[in-house]
Amino acid sequence: MKTRKRFKTEKRHSERPEVHQCNIKADFSELTGMKDYMGVMMFITFAERVVPQSDENVHVSEERFDGVEVVVYQPKVLGGETELRRAVIYLHGGGWCLGSSRMGPYDLLARQMVIDLNSVVVSVEYRLAPEHHFPVPYEDVYRVVKHFLQMEVLAQYAVDPGRIAVSGDSAGGNLAAAVSQQLQQDPYQQVKLKVQALLYPVMQALDLNTPSYQQNQNMPILPRTLMVRFWSEYFTSDKNFFRAMMANTHNSPESAALLKFVNWSAFLPESYRGKYNYSAPSVTLRGTGSGPDTLSHSIADPRASPLLVPDADLQSLPKAYVLTCEYDVLRDDGVMYAERLRHAGVQVTHEHYTSGFHGALMFTMWPTDFMIGHTMMENLIRWLQQNL
């Protein structure tokens, strides 16, 4: 496995003012019963939303693939051009509860991939929790990918069937990993993904006390409390489940049987363990809120927690690019998945940013235009140029 560490990035880990203000307002609104937490946090999505439009280099269209909204970016075709192109299916982040393919930084990333890769980019506008709990966001993404991978659809967009990638950041990285796994297990799927690119992905819901969760529990952008809330809202609006997840006491006997796949004392390299000692999450024999059987099944479902699949299901997965950041509660999720992929025989490039922080890829536009965001984007596109 190739592991590349990046050092020349910003040493500050600034939080956008609107993120900090939204966190405060969301907490207050929920406490007073004025509005639910995620409803207030959606302000961030609306504040950065743009209307994707065609320009001199890129043709943009808003379409529906099997009923799911997508934004399709294509190179402007020159007269007589017949060469088949690469394609990237991109899945935005936002904890399954926030975000949009129409946010400015995602629009910028898609256009850059079109220009630098001569590729078609399909940016998926999947439905969000808490209005649409798991597995709806995953199912939306899976339907889009299955639709796009049909030979007649690929021909419509002049895409080479052998050069298709799926990629995503944060929760989008989770969805990309899950779709890659499920596609490989579909015996009727003819067109396969060539590569998967996972950017600071969230990979498991069983142990929310890994070293990176502890080290970065109060880190701006994605503190532990917010990540746990994303997880709980993905599954249910029952606040009892959120409290159980905060205490790391949400595992049932069903999910506890899978803790061996997220045992960071076994899968996390020593350099990432730091001063922390492994302690297995406790297991409760009773439910942690409404529908305990459903919740137990959901957190143990690999479509929600891709890190839970056995090694045999990893062996046939496409080549992978995994980006992780030191100052990120999700660091260890990505590191452990990269390690498990490598042990299963999958070609992996693991790029770790020692001064990186969660969400840095979104810091590419004013007023948060940071060098680290552009560096991440350039390195991702360079890897795709070489491997897709």
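These legends describe an overall view and several close-up views of a predicted model.

**Figure 1**
Of the 388 residues in the protein, 59% are buried. Among contacts between residues at least 6 apart in sequence, 77% join residues that are at least 24 apart. The average pLDDT of the protein is 89, and 86% of the residues score at least 70.

**Figure 2. The contact of helix α4 with helix α6.**
Helix α4 covers residues 136-148 and helix α6 covers residues 171-184. Their axes come within 10 Å and cross at roughly 55°. An angle of that value makes α4 oblique to α6, and the crossing is right-handed. On the α4 side, the residues that meet α6 are Pro137, Tyr138, Val141, Tyr142, Val145 and Lys146. They face Leu175, Ala178, Val179, Gln182 and Leu183 of α6 in this contact. By class, nine residues of the contact are nonpolar, one is polar and one is charged.

**Figure 3. The packing of helix α8 with helix α9.**
Helix α8 runs over residues 224-235, and helix α9 over residues 239-246. The two pack at an angle of about 140°, and their axes are 9 Å apart. Only angles over 145 degrees count as roughly antiparallel, so α8 is oblique to α9. The crossing of α8 and α9 is right-handed. From α8, the contact takes in Arg224, Thr225, Val228, Arg229, Trp231, Ser232, Glu233 and Phe235. From α9, the contact takes in Lys239, Phe241, Phe242, Met245 and Met246. Seven of the contact residues are nonpolar, two are polar and four are charged.

**Figure 4. Lys239 in helix α9.**
Lys239 has a relative accessibility of 31% and therefore counts as partly exposed. Among the residues of α9 that meet α8 is Lys239. Arg229 belongs to the α8 side of that contact. The C-alpha atoms of Lys239 and Arg229 are separated by 9.3 Å, and the two residues are 10 apart along the chain.

**Figure 5. Two cis peptide bonds, Phe134 to Pro135 and Trp366 to Pro367.**
Most peptide bonds are trans. The bond from Phe134 to Pro135 is cis, with omega near 10°. Pro135 lies in the loop that runs between strand β5 (119-124) and helix α4. For the cis bond from Trp366 to Pro367, omega is also near 10°. Pro367 sits in the loop between strand β10 (364-365) and strand β11 (368-369).

**Figure 6. Positive phi at Asp66 and Ala158.**
Most residues other than glycine have a negative phi. The phi of Asp66 is positive, near 50°. Asp66 is in the loop between strand β2 (58-65) and strand β3 (68-75). Asp66 counts as partly exposed because its relative accessibility is 42%. The phi of Ala158 is likewise positive, near 55°. Ala158 is placed in the loop between helix α5 (151-156) and strand β6 (159-169). With a relative accessible area of 22%, Ala158 is partly exposed.

Key. Residues numbered from 1 in each chain as written. Predicted model: local features only at pLDDT ≥ 70, side-chain atom pairs only at ≥ 80, totals over all residues. Heavy atoms only, no water. Axes fitted to C-alpha atoms, helices over the stretch in contact; angles between N-to-C directions. Helix = DSSP H or I, 4+ residues; strand = E, 2+ residues; numbered from the N terminus. Parallel < 35°, antiparallel > 145°, perpendicular 65-115°, else oblique. Left-handed = near helix turned anticlockwise from the far one by under 90°. Contact = heavy atoms within 4.5 Å. Nonpolar A, V, L, I, M, F, W, Y, C, P; charged D, E, K, R; others polar. pLDDT = per-residue confidence, 0-100. Buried < 20%, exposed > 50% of the residue type's maximum accessible area, 1.4 Å probe, protein only.
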